[in-house]
Amino acid sequence: MTSTTDDVRTAPDGLRLDGMPGTRPRLSWRTGQDSAGFDARRIELTLNGGEPAVHTEDGGGQIGVAWPFGPLTARDRGTVRVGVRRDGRWSAWSEPLAFENPPLGPDDWRARFVSPRTLGGLLTAAPLLSRTVELPAPVRRARLHVTALGLHVTRINGERVTDEELAPGWTSYHNRLRFRSHDVTGLLREGANEITALLGNGWYRGRLYWRGERAFYGERLALLAQLEIECADGSTHLVATDESWHAHETGVLADDLYDGQSTDLRVGRGPAEPVDVLDEPLDRLFPGDTPPVRPVAVLPGGEPFRSPTGTLLVDFGENLVGWVRLRVRGRPGQEVVVRHAEVLEQGELGTRPLRSAKATDRYLLAGGGAETLEPSLTFHGFRYASLEGVEPEDVESIEAVALSSDLRPTGRFRCSDPDVQTLHDNVVRSMRGNFLDVPTDCPQRDERLGWTGDIQVFAPTAAFVADCSGFLASWLRDLSAEQFEDGCVPFVVPNIHHNILPAAAAWGDAATIVPWTLYERYGDPEVLREQYPSMRAWVERLDAFAGADGLWAGRFQFGDWLDPAAPPDQPGAARTDKDLVATAHFVRSADLLAKAADVLGHQDDAERYRALAAKVRAAFAAAFVTPGGRLMNDTPTAYAMALLWDLLPTPAQRAAAGARLADIVRGNGFRVATGFVGTPLITDALTDAGYPHLAYRLLLERSCPSWLYPVTMGATTIWERWDSMLPDGRINPGQMTSFNHYALGAVADWLHRRVAGLAPAAPGYREIDVRPLPGYGLTWAEAELETRYGTAAVAWRVIEGTLTLDVEVPPGAHATVHLPGRAPERVGAGRHRRQAPLPAARPRPERIADAVDDAELWRRLTAIMTSEGIPGDEAATSALAARGLPLPVTELAAVVYPRAKPEQVEALQRRFDTALAEHAG
C-alpha cells in the first residue's frame, strides 16, 4: 500500500519520554480519533544540533515504545517527534519534545562533596557554602547540577535556582542519592557571580524515628555542585565544589524536620571558614526521576482568635503539610513562636498526637519594619497554628504554604452526596500531604516514614488521583535497594526501622502489588521488568517461610492493623487471624508474580508461580475454610480476602461466604469492622458477591466507626483511626493518632471503578470496563481520568427511574458498557450516551434481612422502635435485628423486643406492618 504525504490525519499529542534522564527512554503518545488503530509509526530524533534521523516501523503500540536509536549519553540534547500511519496515510508530526541529559555516571563529574571544616556540627547553626566566579562575557547557556548530604537551598546572585523545596528529597541515601539539573542561564551575568547553598539536616542528619535517633546516614553535611557555563564570547567555565569554596555561619540557629526551625533574623553571614573535600562515592548519584517537592497551594489564614486560655490561634481551614508564612512588625530581638497542630482539643492546640515532635518555628526579629517569617528546612502537618510573642495588630498577613511532590492531577470524581464528595476530597488532600518525596504514613508526628503497607493498599487510588508512575517507580527502586539478601522487604522504605522482625504480610507484599498496580493503571511493562527480581525474591522468601504445608504461620505479623475493635494502645489486636491474613497474601503475591512473568515472557517462572499459588490456595482452603463456605475466622476482612482473591474452591462455598459476609455487615449495623487489610477490599467483596446495596450502606453510614463519621466531625483529611477524634471532641487516647493518614481512604478506588464505573480492563485503560452502580442512595456520579490514551470519562444520572449514562473513550481504547437488563456493548473512541430503565423497586420485604437492607425503610422502622423505648440509631437497631436476619419480617417485633409482653410485641408488629405496607405502596 502506498503511503501519502503528511497533514492527512491528526498529529499525535501528549508525547512523553519515560526513563529520562537516561540512555534508552521509552516513548508514549496519544493519537487523534482519525488515527486510532494505526498500523505504523515513525519517530524522528534530532540530536545535538545534527541532522534529523527518522526511524519507521510497523506496529500499533503507543505506550512504552522502545527507543529505536542508539543509546543517549551524558549531556546529549535534542528533540523527538512522532507520526503514525493508518490506511496508508500518515498523520502530521507531533510537536517536538525537547530533552537534555545531565551527568549520567561518576566520570561525568568534576565536583566533589565539600563540607564545612569547623562549622555546621550536629545541633549547631546551619552552614552556608559559597563560591564566587568571574565571567568575561554575557552567558549563553548554563546548567547547575546539584545535590547534598542533607538539605540544600541554593542561590545564584541571591536568587533561588529553583522553586523546589526540601531538596534533594529522601531516598535510600546509602544506595541512591538524587541530584537535579537546573537551567540557570538567566541568573548569571558578566562579571562577578556568587553561588551559595544553605545546608540543613533534613532526613540525612536530623531526627528520624520516634526513638530520637539523629545522623542516621552521616554526621557531616555536604554539598556537591557542578556549574557548567558557556559565554557569548565562546569561552566555557566549570565551577565545581572543591577546596576553593568557603563556609559561613548563619542565623538559622537550629533546623529539624520534626522539631522545626529557629532563625535569628538579626544575624547575617559569618566570616569565611575553610571546607573539607570528602571522599564520598559518586556511583550512588542518579538524576531526578520524579517531580520535586514544591509549594502547590497557599491558604490564607483566618482571623486570629483566642483559645480559652488566651493563646492566639489561626485556622487555615484544612489540614495540610508545609509551613506558616507570616509578615509581622516588631522590635529587634523580639521572639515570635509558631506552633502547629492538626486539631483543637477543648479549644486549645491539640499537640499530644505529635508525640515528641516539637513542630515549632521560632524567629528573633531584626526590627525596623515589616519582616517575612518563613522556614525552608522543615515541614509540619497542621490545620491550626498558635502565635506567641506577637499581637494581632502587628501581624500584617498570615498564610499556610502547602508542600507536596508536584504530581500532575489526572483523575476527578464527583457525586450527589455532599458527605461522600467531602470524603473523596479528603482522600485527595491526604495524598497531597503524604506524597512528600516519599509516600509517608503521616506528616506531623515523630515518624513520617514510608510504610510499605500504607502505600500497598492505597496505590490504586493514588494512580487515579495523580500521575504517580514516576514517583512510585522511584520509591520501588529504593525498596529493591533496601530489600534484604534473603528477600525480606523492610517495613518502611527508605529503611530506618532496622526490621527487628524479618517480614510482614500486606507490608512486604508492596514488592509485588505496587508494581502490578502501576502496570495495570499505566500500561508500561518496564516497571515489572525493573522490579521483577525484587518481586521474585519476596515470593521465594514467603515460600521458604511457609514450608511444606504452604501456610505462612507462626511468625510476627501486623495483621489487619487498626481494626476498629482493637484497643487504642494495641492497634494490632485485630479480630482476623494473622496467619490467615499472611497466607492469603502469600497467594496474592504468588498470583501477581505469575502474571508478571507472563507479561515479561518468563514462561517457566509463570508456570512455577502459578503452581505455587495453587498449592498455597489449597492449603488456605484446607486450614481456614469449611465445606459449607464459612471461614474459621468469622470476620469481614477474612471473607473479603477469600472472595476477592479466589481462595474458596467451589461456587457453593463462594456463595455461602458472600451471604455470610453480608450478614456480618448487617450485624455490625453497617459500621466498618475492618482495618488496613480489609478496608480496601470490603466494598468490592460485597459488590462481587451480589450485595452492592450493602456496600453502599457501609459507605453511607455516619456513626462511628465509618468512612463518613470523620466527615461529620469536620475532618478535611483521612484519619489514621476510625475514631481519631472521639464523638465528644476528645482526641483518641492512643499514642498513635494521626489526622492525616491516607490508608483508610483506599475506598476511593471503589468509588472510581464501581460507583462511577470507570475501571481498567486492560493495562493502561486500553480496554475500559464501564459497569456503574446507580442508585442505592446516590442520584448521580461521575469520574474522569487522563489515561495514557487520553481522557476517559463516565457519568450517570437517575431521573424518574431512568438511568442516563454518558461514556467517553479516548482514541486507541475501547470500552465495554454494562447497563441493567442489557447485553454488554463494546464501543470505540468517542462520546456515547445510553439510557435504560432501572429495575423496579423491591417488593415488600419478606425477611428481616430485606428490611435491614433498605436504608429508607429501616430508618422508618428505627423511628418506631425509638418511640417505643428501644434505644439506638439505625446502626444499633440493625445490629439488634441481626440475630433474626433469616426470619420473616412478621417476626421483627419479637426479635428486637424479646422481653416485652405478648400484647406489646403484637402492638409493635402492627406498627411495623403499617410502615411496611406504606413503604411498598
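Buried here means under 20% relative accessible area, exposed means over 50%, and partly exposed covers what lies in between (1.4 Å probe, protein chains only). The model is predicted, so local features need pLDDT of at least 70 and side-chain atom pairs count only at pLDDT 80 or more, while totals for chains, interfaces and linings use all residues. Residues are numbered from 1 along each chain as its sequence is written, and side-chain values use heavy atoms, with hydrogens and water left out.

Most residues other than glycine have a negative phi, and most peptide bonds are trans. L166 has a positive phi, near 60°, without being a glycine. Because its relative accessibility is 3%, L166 counts as buried. L166 sits in the loop between β12 and β13; helices (H or I, at least four residues) and strands (E, at least two) are DSSP runs, numbered from the N terminus. That loop between β12 (159–160) and β13 (177–183) also holds P168, and a cis peptide bond with omega of about 5° links A167 to P168.

Elsewhere, F670 is not a glycine either, yet its phi is positive at about 65°. F670 is placed in the loop between α10 (651–667) and α11 (679–688), and with 0% relative accessibility it counts as buried. Another cis peptide bond runs from V493 to P494, with omega near -5°. P494 belongs to the loop between α4 (469–482) and α5.

Next comes strand β11 (residues 151–156), where R155 is found. R155 counts as partly exposed because its relative accessibility is 30%. Leaving aside residues up to four places away in sequence, R155 touches R160, V161, E194, I195 and T196, where contact means heavy atoms within 4.5 Å. S130 is 25 residues from R155 along the chain, and their C-alpha atoms are 9.5 Å apart.

Helix α7 (residues 578–600) has 23 residues and spans 33 Å from first C-alpha to last, close to the 33 Å expected at 1.5 Å a residue; the expected span is 1.5 Å times one less than the number of residues. Most of α7 is covered, with 17 of its 23 residues buried. At its start, a side-chain oxygen of D577 comes to within 3.0 Å of the backbone nitrogen of D579.

Searching the whole structure turns up 9 cavities of 30 Å³ or more. On a 1 Å grid over the protein atoms alone, a cavity is a set of points where a 1.4 Å probe fits but cannot get out, and lining residues have an atom within 4 Å of a point. Grid points are joined across faces, edges and corners, and a volume is the space filled by probe spheres set on the points.

The largest cavity has a volume of about 70 Å³. Its lining includes L423, N426, W707 and R721, and α2 (418–434) and α13 (709–712) each supply at least two of the lining residues. By class, the lining of the largest cavity has 8 nonpolar, 3 polar and 1 charged residues; Ala, Val, Leu, Ile, Met, Phe, Trp, Tyr, Cys and Pro count as nonpolar, Asp, Glu, Lys and Arg as charged, and the others, Gly among them, as polar.

The second largest cavity has a volume of about 60 Å³, and β37 gives the largest share of its lining, 3 residues.

Conventions:
Polar contact = N/O pair within 3.5 Å; in protein donor to acceptor, adjacent residues only side chain to side chain. 1 Å grid on protein atoms, 1.4 Å probe; cavity = no way out; pocket = protein on both sides within 12 Å on 5 of 7 lines; lining within 4 Å.
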